[in-house]
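Visitor: Could you take me through this model with a few questions about how its helices are placed and what they touch?

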Amino acid sequence: MSKEEYRVESDTIGPVKIPKDALWGPQTERSRNNFPSGELMPLAIIRAFLHLKKAAAESNVEVGDEPVEKGQAIEEAIDQLLKLDDHELRQDFPLHVLQTGSGTQSNMNVNEVVANLANKMHPNLDILPNDDVNRGQSSNDTYPTAMNIVAVEALDKLEPAVQHLIDELKIKQDKYWKTVKVGRTHLQDATPITFGQEVSGYISALKHDLSYIKELKPTLYELAIGGTAVGTGLNAAPGMTVKIADKLSKVYGHDFKVNTNKFWGLAHHSGIDVVHGALKTLAADMFKIAQDIRFLASGPRAGYHELNIPANEPGSSIMPGKVNPTQAEAVTMAAAKVFGNDTTITFACSQGNFEMNVYKTVMITAFLDSCDILTGTITGFADKMIAGLTVNAAKMDDLLESSLMTVTALSPHIGYHAAAKIAQTADKEGTTLKEAALKSGKLTEKEYDEWMDYMEMTNISQTNPEK
């Protein structure tokens, strides 16, 4: 940079050249040059920091630990920053995730930007990043507080997406509740099931997943703010943190709490780890559901072709007319990423050495990534695949008629071994099950027709789709 393009500021290490019009200060500039790799710090974290800093300024004023004029100036500057859209906000927050594991530089990025903007608005106050914006705080308790806030925000967006998919599947469940088809176990033919029953299993899995998330979510309401450097609360004014929690609860609509063990809050991130475990479970169930749907829709001539999926885009650049299960593929790829993120988070959570975990930034970024891709792909799967899904009833009937496992219905009447022999004979001789059954002499045609009731085999009258 030429002299016309930069200004010089100093921190505790020495002078730093900073772009002339940048709102950040020397610590941000050092980080910008020292850690240039990887993805940028999520703006959700920055916005959470801004809300936290505003709540801290208000609280410090209320408990008499911050001059009113400075506190109000900090609040005004933050309000102006919160009005910016993502593109505008990013201009002042350029740091990367792969920085110090405590998130210190991003905390200071926020402190410096807020202080410099407040000083522009109130040049007579001399507001300092560390002494004023960061009053009663440290990176060690602000960053994990922001982590929990953004994790809760991300879950707030994911939960409706899961419920939306449940609702779309419920429509299919009800529509095809009595559409009988071949069941399958071990990738082999099994006894009959209805497609509605099959879908009800998907719905139950997702309902359970949603309940796991909602039950575990409150552990994220426990905030580390007030622990400051090592958990002792040194330099945090009495009563400040309770006020911060109350203010953040009003902003986000959740009951955040600070009456928690701060040594745990700084050195462990058990809440992030356990809640992401529920996201991994959701991803595993979504993988299975998407996998089932795309296999049942395989074909149209050389696969199962029991289901018809919407044609959202051309499936091939060389094969005309091809339709691919792209929404299912997106879900399964998202699941693969979530599995990887879970490994990252589990390892990162284990690295709480002594009084602080130093993998905070990568941990929360992985968590947010999982929430984002699950929210997006689940919504797409619901709207662009499940909503337009129909059954190929004729193919279902053909496969059911040719299935050998319906012979199971004969077992109570003629015995397991006799029924097995009938199925083996039909398979070996290439005949129908009925032909082999009558040839065995174990039953009459009237008995066969009476006992071979596909709908009755599904036990439909005893099946509760809500369980």
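Predicted model: local features only at pLDDT ≥ 70, side-chain atom pairs only at ≥ 80, totals over all residues.

Visitor: Which residues of helix H1 are the buried ones?
Guide: Helix H1 covers residues 26-34, and its buried positions are those that pack against S1, S2 and H5. To be counted as buried, a residue must have under 20% relative accessible area. In H1 the buried residues are Pro26, Thr28, Glu29 and Ser31.

Visitor: How are helix H2 and helix H3 oriented towards each other, roughly parallel or roughly antiparallel?
Guide: Helix H2 (residues 43-62) packs with helix H3 (residues 68-82) at an angle of about 160°, and their axes are 9 Å apart. Because angles over 145 degrees count as roughly antiparallel, the angle makes H2, relative to H3, roughly antiparallel.

Visitor: How many nonpolar, polar and charged residues make up the contact of H2 with H3?
Guide: On the H2 side the contact includes Leu50, Ala57 and Val61, as well as Arg47 and Lys54, while the H3 side includes Ile74, Ile78 and Leu82 together with Glu75 and Asp79. Divided by class, the residues of this contact are 8 nonpolar, 2 polar and 6 charged.

Visitor: How is Gln80 classed by its accessibility?
Guide: Gln80 is located in helix H3, and, leaving aside its neighbours within four places in sequence, Gln80 is in contact with Leu117 and Met121. Its relative accessibility is 40%, and the class between buried, under 20%, and exposed, over 50%, is the one that applies. Gln80 therefore counts as partly exposed.

Visitor: How far apart in space are Gln80 and Ala118, C-alpha to C-alpha?
Guide: Along the sequence, Gln80 and Ala118 are 38 residues apart. In space, taken from C-alpha to C-alpha, the distance between Gln80 and Ala118 is 9.8 Å.

Visitor: What is the class make-up of the contact of H7 with H13?
Guide: Helix H7 (residues 139-175) and helix H13 (residues 360-386) pack at an angle of about 15°, with axes 9 Å apart, which makes H7 roughly parallel to H13. H7 passes H13 in a left-handed crossing. The contact of H7 with H13 has 22 nonpolar, 5 polar and 5 charged residues.

Visitor: How far apart are the end C-alpha atoms over residues 407-459?
Guide: UniProt, in an unreviewed entry, lists residues 407-459 as "domain: Fumarase C C-terminal". Over this stretch the chain is 70% helix and 0% strand, and the distance between the end C-alpha atoms is 16 Å.

Notes:
Residues numbered from 1 in each chain as written. Heavy atoms only, no water. Axes fitted to C-alpha atoms, helices over the stretch in contact; angles between N-to-C directions. Helix = DSSP H or I, 4+ residues; strand = E, 2+ residues; numbered from the N terminus. Parallel < 35°, antiparallel > 145°, perpendicular 65-115°, else oblique. Contact = heavy atoms within 4.5 Å. Nonpolar A, V, L, I, M, F, W, Y, C, P; charged D, E, K, R; others polar. Left-handed = near helix turned anticlockwise from the far one by under 90°. UniProt positions renumbered as here; feature names shortened; annotations may be inferred. Buried < 20%, exposed > 50% of the residue type's maximum accessible area, 1.4 Å probe, protein only.
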